[in-house]
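Student: I would like to learn how to read a protein model feature by feature. Could we take one and go through it together?

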Amino acid sequence: MNEETKLYKIFVYLVLGLVAISILLPVVWVFLASFKENAEFYGNPWAFPQGFYWQNFAEAWTEANMGSYLINSVIVTALAMVFLLVISLPCAYILARMDFPGKRFLQTLMKAGLFINLSYIVIPIFMILLNLNRSLKVTFFLNNRLILALIYAATAVPFTVYLLANYFSAISKSYEEAAYIDGASYFTTMLRVMIPMAKPAVITVILFNFLFFWNEYILSLTLLTDKKLKTLPVGLINLQQASRSAANYGRLYAGLVLVMLPTLLLYILVQKQLTEGMMVGGDKG
């Protein structure tokens, strides 16, 4: 049995190592390619760059407007995350910890929302916003980063509420009872007791939704037609088309690095919390 266990562990580590290499290799290659000059791309594609050609990042930031697109993505993602947490945290807490008429219906409705693919409802969303503009004789509902952030948050509510509600349900009621004895209100208990205890789940939904908001393309392309308001994924596609026609590959990979870097940094910062499987100081009684 010991020999079989060792062989099994070796096999698992080998598979995990191959998976890690298959993920890391393209990322490392993109980072290295972002420092190459155009002439270097016509030689050995696996060769290290001859130097650090920072001009690629300067051109991507200014000439390709990736700097403006980055700011737009930061604004939209930050607003969407704030809207999402403000809506989802109380909703998940109420569904998990309180009994009221219509609770099962709301839970079913949230679960049904998990099966709605954003790609299928882009055109209906666009038509609704366009009709609102025409009916109210305004231009507020299109080419508006605030509206895009609200739609992002709305589409992410079902998944976020479902995950947080399951986590809240697993927390012992003794914490709430102790807070109520001390005179805390429902809102104070949620804010100061339950949400801090659900920190691993909150960080998980922040990371997953950040990746979705940051990399979303179709809705951003449809609702933000103004060049000045485009987000990074849309700007990256434009950069890709321009770089291919001009054979400026270094600038293209520099743009890819600008898109990937925030997500990599966020994951590095929160990876410890993501791997936490138990609540710190949890009560099993």
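Student: What average pLDDT does the protein chain have, and how many of the residues score at least 70?

Tutor: This is a predicted model, and the chain averages a pLDDT of 86, with 93% of the residues at 70 or above. Over residues 277–285 the pLDDT is below 50. That stretch has 10 contacts in the model beyond near neighbours in sequence. Where pLDDT is low, the predicted coordinates should not be read in detail.

Student: How is the packing of helices H3 and H6 to be described?

Tutor: Two packed helices are described by the angle between their axes and the distance between the axes. Here helix H3 covers residues 66–97 and helix H6 covers residues 145–169. Their axes come within 6 Å and cross at roughly 35°. The crossing of H3 with H6 is right-handed.

Student: Which kinds of residue make up the contact of H3 with H6?

Tutor: The contact of H3 with H6 is made of 25 nonpolar, four polar and two charged residues.

Student: Which residues touch the most other members of the largest nonpolar core?

Tutor: In soluble globular proteins, nonpolar side chains tend to be buried together. In this model the largest nonpolar core has 68 residues. The members touching the most others are Met 66, Leu 129, Leu 164, Phe 168, Leu 219 and Leu 223.

Student: Where is Leu 223, and is the residue buried or exposed?

Tutor: Leu 223 is in helix H10, which spans residues 218–223. Leu 223 counts as buried because its relative accessibility is 3%, and the cut-off for buried is under 20%.

Student: What is Leu 223 in contact with, leaving aside neighbours within four places in sequence?

Tutor: The contacts of Leu 223, with those neighbours left out, are Ile 125, Phe 126, Leu 129, Leu 142, Asn 143, Leu 148 and Ile 151. For a distance, take Ala 60: Leu 223 and Ala 60 are 163 residues apart in sequence and 24 Å apart in space, C-alpha to C-alpha.

Student: Asn 143 is in that list. What is the phi of Asn 143?

Tutor: Most residues other than glycine have a negative phi, and most peptide bonds are trans. Asn 143 is not a glycine, yet has a positive phi of about 55°. Asn 143 lies in the loop between H5 and H6 and is partly exposed, with a relative accessible area of 31%.

Student: What phi does Lys 137 have, and where is Lys 137 found?

Tutor: Lys 137 has a positive phi of about 55°, although it is not a glycine. Lys 137 is found in the loop between helix H5 (122–136) and H6. Lys 137 is classed as exposed because its relative accessible area is 76%, and exposed means over 50%.

Student: Is Asn 56 buried or exposed?

Tutor: Asn 56 is buried, with a relative accessible area of 2%. Asn 56 lies in helix H2, residues 55–62. Apart from neighbours within four places in sequence, Asn 56 is in contact with Ser 34, Phe 35, Lys 36, Gly 250, Arg 251 and Ala 254.

Student: How are Tyr 167 and Tyr 175 classed, and why?

Tutor: Tyr 167 lies in helix H6 and counts as partly exposed because its relative accessibility is 22%. Tyr 175 is in helix H7, residues 174–181, and is buried because its relative accessible area is 18%. The two values fall on either side of the 20% cut-off.

Student: Where is Asn 166, and how is Asn 166 classed?

Tutor: Asn 166 is in helix H6 and counts as partly exposed at 44% relative accessibility. From C-alpha to C-alpha, Asn 166 and Thr 263 are 26 Å apart in space and 97 residues apart in sequence.

Technical notes. Residues are numbered from 1 along each chain as its sequence is written. This is a predicted model: local features need pLDDT of at least 70, side-chain atom pairs count only at pLDDT 80 or more; totals for chains, interfaces and linings use all residues. Side-chain values use heavy atoms; hydrogens and water are left out. pLDDT is the predictor's confidence in each residue, from 0 to 100. Contact means heavy atoms within 4.5 Å. Axes are lines fitted to C-alpha atoms, for helices over the stretch in contact, and angles run from 0 to 180 degrees between N-to-C directions. Helices (H or I, at least four residues) and strands (E, at least two) are DSSP runs, numbered from the N terminus. A crossing is left-handed if the near helix is turned anticlockwise from the far one by less than a right angle, and right-handed if clockwise. Ala, Val, Leu, Ile, Met, Phe, Trp, Tyr, Cys and Pro count as nonpolar, Asp, Glu, Lys and Arg as charged, and the others, Gly among them, as polar. A nonpolar core is a set of buried Ala, Val, Leu, Ile, Met, Phe, Trp, Tyr and Cys residues joined through side-chain atoms within 4.5 Å. Buried means under 20% relative accessible area, exposed over 50%, partly exposed in between (1.4 Å probe, protein chains only).
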